Structure formats: structure tokens, C-alpha cells
Amino acid sequence: MTELSRKERSAMARTAMPERDGRARATTFDEVNLGFTEELAILEASRCLRCPRPKCIEGCPVGVRIDEFIIAIADGAFDRAAEIVSEDNSLPAVCGRVCPQESQCEGACVLSRKERPIAIGHLERFVADRAGSSDPVRSSAAPKRSGFSVGVVGSGPAGLACAFDLARAGHAVTVYEALHEPGGVLVYGIPEYRLPKAVVAAEVDRLRRNGVTFEMNVPIGNAESIDDLLDRHDAVFIGVGAGLPRFLDVPGEHLVGVLSANEFLTRVNLMRGYDEGSNTPIPDVVDRRVAVIGGGNTALDAVRTALRLGARDATVYYRRTEDEMPARREEIRHAREEGVHFEFLVNPGAFRGEEGWLHTMELERMRLGEPDADGRRRPEPIDGTRVDVPVDVVVIAVGNAPNPTLARTPGLALSPRGTIVVDGETGMTSRRGVFAGGDIVTGGATVILAMGAGRRAASAISNFLQEGSEGDSSDAASTGPGWLPTPSR
Ligand code: FAD
Ligand code: SF4
């Protein structure tokens, strides 16, 4: 492509992602976004203004050198682009698909002022998919073995990112995962049509090739404790996520037909509940009316999944307006195109049924009041507006809390919310040599924030191991970190 002036680049339209047709795709679990071709990737990359101080990088929680990889794409140097991305992001094919770029790198891109930021996520996905199972980072020399061993609990994005960096630093790493497949929410939560399982499996394989060992079906906190792991390893990272579903605490939530989004999505995604060959039961949604309560990514994943399973009507009920929905804009648009309905400013007050089976949901109209602590306007009920709506299945998607399995670990300080308390810079917990990161520390957040926490902890673990081997370890082992309060349990 001939060299373009800055003005010409700024005037170019953003390249659209090719996608499957809306109604047709609503009946399959095939991936919705089809990915850029080489020509589209070069076209989009050529829009980049090559800013001397690229704002996009400031918006990336793991600090990918975005400007450099985009320039490499524009030059047709795709392998080089993949190498640059992989140096800072161990799950680029995942992040290119599910990161909320609009509030991160793309939100920070100077062209977002014109509402045409560079499609950084789509370009990241392009280079990662093109690299496929090849391993750009591995082409550099294998790291020297450090002689240290680290146990990582949980194989979600936090655990995987931490494990990857630890392995690259030469440590022996074992990941312990409670479920039978690695990936955390990437495999049990996010559906196939948004993030194919094969993409996650390829990223996990790359970790295996870099020397990481995985032990599946091992829930730490039950048969084995953190202390058992500390007997076997020199340090431990906890990345167990926040997988305990929250409920509404209203009458009738126990009825058959009301279930959490976690249960619904796990049964469909991880245990292939839709497949006749699997033994996993899922609620019969074929030709049924399915109501999903909530406004985040989880709610949209549940409602679009219900539609794909054959629901007659699939509706999201949200207590604020579309503007306050935490879900990604692309997901909302995709859902609408597929035929999902939305009801805003409504809240369920009760579920009713007969002989234990759900048949109606009581809804109350809401209006928006003053902003609450997180800056969003608080929904308030409008008196005298309750109505009963017929419904067959209700999926509750109003957030998750930390799983309490590790709460009994002696000396591990927890916040009143049940999240693990850590040092903000290193991720070290109140237990010396035990680090934590991801949703178990922040509460439900995003893939890239969990990965950023995993990477920071990996670097702190390397320092900790190095310092321990240089100093008097017997002395150090007897004292806890001074920055934390005395653990209450
Ligand atoms: P998790 O991904 O939850 O992984 C934790 C892992 O630890 C799990 O595999 C779990 O089985 C394992 N584990 C738990 N307890 C134990 C134990 N005791 N012993 C051993 N293993 C254990 N974020 C985005 O950025 N974009 C999206 O589009 C998006 N969509 C989402 C859709 C859904 C349905 C959900 C639920 C979340 C979504 N998120 C999204 C949020 C994002 O997935 C999470 O913030 C992220 O996965 C957190 O990573 P993590 O590693 O901390 O935890
Ligand atoms: Fe390119 Fe936008 Fe980054 Fe500037 S801020 S270097 S235009 S991606």
C-alpha cells in the first residue's frame, strides 16, 4: 500500500469484522465473528497514526506494544507481529475475542475521539489465529532452569498467565484445577460461539509446551490444602476466581425452572448438555419462554445460549437502562440481531409456580434515582406497577461471589466480601510465599485484569524466590509481611 498521510489515515473508515448472518447463526454454536483476512488486517493496520506516545498501550492492562505490532501487520510482517504480542500476552487469541477493548486499548486510542478507534482486538485475534499453534515466544532460547517449583491453584486467565511467566522464568510449574478441563470461565462460562474451546485448548497447549504441568480434578481446600502445596513447592499462586453465583433472595427462587447462569452455562458449555450423547441434564428450553435476569456479559451469554438451544422467546430483564448495562456493546448488538428481546427498568419481586414448577414471574417497574457508589444511577421501584408475566425458565445472572473453599486456610486474610487480601503491587497474601490474583482478589472483573494480576504475581514470585535463596530463609520464614493486619482466620 502506498504511504498515506496522517490526514488520509484519520479519514479512513474502521474495517468491519466479517460475521455470520444474525438469524442464521442463532441456531448454531459456530463462532459469530469470522476474523480478518490478510487484506482486511493490512487495511485496518494502515489506519494507525503511529503516535509518538501511543495512548493505546496505556489502556492495555498487560502493556502489549500495540503500536509496534500494528506497524508490523501494516508491513505484512505477520510473524513479527505475533512475536510482539506474545511477549506480553500469553492468551492473545482469547483476548482478541473477549476483551472489552472499547474501555481499554481502543477506548484510549486517539482515533476513538472520532468514534473510529483502530480495531486493536480484531488485529490481535488475526495475528494470534494466523500464528495458530506455532509458538513465537519459544523461538527464543529455552530459559535456564531456576531449580524452584511453584504451585498454581486454578487454571483461569489469572492462573494461566502466572504459570506462563513463571515457566518462562525457568521455574517448574504445576497447575491444580478442580474441573476436568483447564481454562476457568474461558471454558465453562463463555460460550463456543464467542470463544471456541479449540482456541482455549491451543493456548493451554502452548503452556504445556513451555513446560507447565496440569493436574486436573484436584480441588485444593478439600483433600489437599495450601499447606500441603507449600510442602511440595517453594511458592503458591491462588487464582480460583469468583464462581459462587449470587441470587436475588426473593420468594420462589427454589422452584424447578429457576437456576443460576453459572449452572446453566457450565452444563451447556463444559458438559455439553445440549449434546444427546452427553449425560448432563439441562432445563428443557425448546419452544419455551426463557427469562434472563441481569445486564452483564453473563446474562447475554445465557440468553443467547437459550436461543441457540431452541427457546421460543428469550428475553433479558434488566433493572436499569441499556446505557448502564455492563455487557459489551458488541454483545448487545449481536444479541438483538439474533432475536433476543430486552426489557429495561424492571425487577423480579417473586417467582410463582404450581407443584414446585415455575410458571410466572412478578415484575415491578423501576425508575432511575441518584447515582450509587459505583456512579451508576440507582434503580428505584415505582409503587403500584407489579405485574405477573408467564415464563417457563428463569436464569439468574446477577453476579458471582468468591468461592469459600480456601477460606479455611490458616492465616489467609480475607476481606468482609470474602475476597483474598493481597499487597497491591506484589499480590502476596498474608501467608508468606502465597500469592493471589484475578477474580478471587477483585471480585468478578475481566479476563485481561485477571491476566495482569497473574503476570504481576509471577514477577513478584520470581523476586521472592530469588531473595529467599540469597537471604537467611529460616529467619524470613518466621515473620509475616509487615503491610498486612494480623489475619483474623
Ligand atoms: P476463573 O476464570 O474463574 O478461573 C478460576 C479457576 O479456578 C476455575 O477453573 C475453577 O474451576 C478453578 N478453581 C476454583 N476453586 C478451585 C480450587 N479450590 N482448587 C482448584 N481449582 C479451583 N471477561 C471479559 O474480559 N470478557 C468477557 O467477554 C467476559 N465474559 C464473561 C462471561 C461469563 C459467563 C462470565 C462468568 C465471566 C465473563 N468475564 C468476561 C469475566 C472473566 O471471565 C473473569 O473475570 C475471569 O475469567 C477471571 O479469571 P480468574 O482466573 O480469576 O478466574
Ligand atoms: Fe495507533 Fe491508536 Fe495506538 Fe495511536 S493510539 S498508535 S492511532 S492504535
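## A tour from loop to sheet

Start by selecting aspartate 287: this residue is partly exposed, with a relative accessible area of 49%. On this scale, buried means under 20% relative accessible area, exposed means over 50%, and partly exposed lies in between, with a 1.4 Å probe and protein chains only.

Before you move on, note that this is a predicted model, in which local features need pLDDT of at least 70, side-chain atom pairs count only at pLDDT 80 or more, and totals for chains, interfaces and linings use all residues. Residues are numbered from 1 along each chain as its sequence is written, chains are lettered from A and ligands numbered from 1 in the order in which they are written, and side-chain values use heavy atoms, with hydrogens and water left out.

**Stop 1: two loops**

Stay on aspartate 287. It sits in the loop between α14 and β7. The labels come from DSSP runs numbered from the N terminus: helices are H or I with at least four residues, strands are E with at least two. Aspartate 287 is not a glycine, yet its phi is positive, at about 60°.

Now select glutamate 355. Which loop holds glutamate 355? Glutamate 355 lies in the loop between β10 (346–354) and β11 (357–371). Its phi is also a positive value in a residue other than glycine, near 50°. Glutamate 355 counts as exposed, at 80% relative accessibility.

**Stop 2: a helix inside**

Select residues 261–269, helix α14. Seven of its nine residues are buried, so α14 is largely enclosed by the rest of the structure. Colour the buried ones: Ala261, Asn262, Phe264, Leu265, Thr266, Val268 and Asn269.

**Stop 3: the sheet with β7**

Show the strands β6-β14-β7-β8-β9. In that order, these five strands form an open sheet with parallel pairing. Two strands pair if DSSP finds at least two bridges between them. Which strands are at the edges? They are β6 (258–260) and β9 (341–344), and each pairs on one side only. From one strand to the next, the twist averages 25°. For such angles, axes are lines fitted to C-alpha atoms, for helices over the stretch in contact, and angles run from 0 to 180 degrees between N-to-C directions.

Zoom in on β7 (residues 289–293) and β14 (residues 393–396). They pair in the parallel sense over four bridges. Pick valine 292: opposite it, in β14, stands valine 395.

**Stop 4: the sheet with β4**

Next, show β3-β2-β1-β4-β16. This is an open sheet of five strands in that order, with parallel pairing. Its edge strands are β3 (213–215) and β16, each pairing on one side only. Direction ignored, neighbouring strands of this sheet are turned by 20° against each other on average.

Select β4 (residues 235–238). Ala235 and Phe237 point one way, Val236 and Ile238 the other way, and all are buried. Look to its partners. Strand β1 (residues 149–153) runs parallel to β4 and is joined to it by four bridges. Glycine 151 stands opposite valine 236. Three bridges join β4 to β16, again running parallel. There, isoleucine 238 has alanine 436 as its bridge partner.

**Stop 5: rings**

Search the whole structure for aromatic pairs and you find four. Rings of Phe, Tyr and Trp (its six-membered ring) pair if their centres lie within 6.5 Å; planes under 30 degrees apart count as stacked, over 60 as edge-to-face and the rest as tilted.

Select phenylalanine 342 and phenylalanine 344. Their ring centres are 5.8 Å apart and their planes are at 10°, so the pair is stacked. Phenylalanine 342 counts as buried, at 13% relative accessibility.

Move to phenylalanine 435 and phenylalanine 464. Here the centres are 5.7 Å apart and the planes at 70°, so the pair is edge-to-face. The pair links distant parts of the chain, 29 residues apart: phenylalanine 435 is in β16 (residues 434–436) and phenylalanine 464 in helix α18 (residues 447–470). Phenylalanine 435 is buried at 1% relative accessible area, and phenylalanine 464 is buried at 16%.

Then find tyrosine 193. Arginine 308 lies over its face, 3.8 Å from the ring centre. A charge sits over a ring if NZ of Lys or CZ of Arg is within 6 Å of the ring centre and within 35 degrees of the ring normal.

**Last stop: ligand 2**

Select ligand 2. Around it are Cys48, Leu49, Cys51, Pro54, Lys55, Cys56, Asp67, Cys109, Val110 and Ile118. A residue counts as near if one of its heavy atoms lies within 4 Å. How many residues of each class are in the shell? There are eight nonpolar, no polar and two charged residues. Ala, Val, Leu, Ile, Met, Phe, Trp, Tyr, Cys and Pro count as nonpolar, Asp, Glu, Lys and Arg as charged, and the others, Gly among them, as polar.
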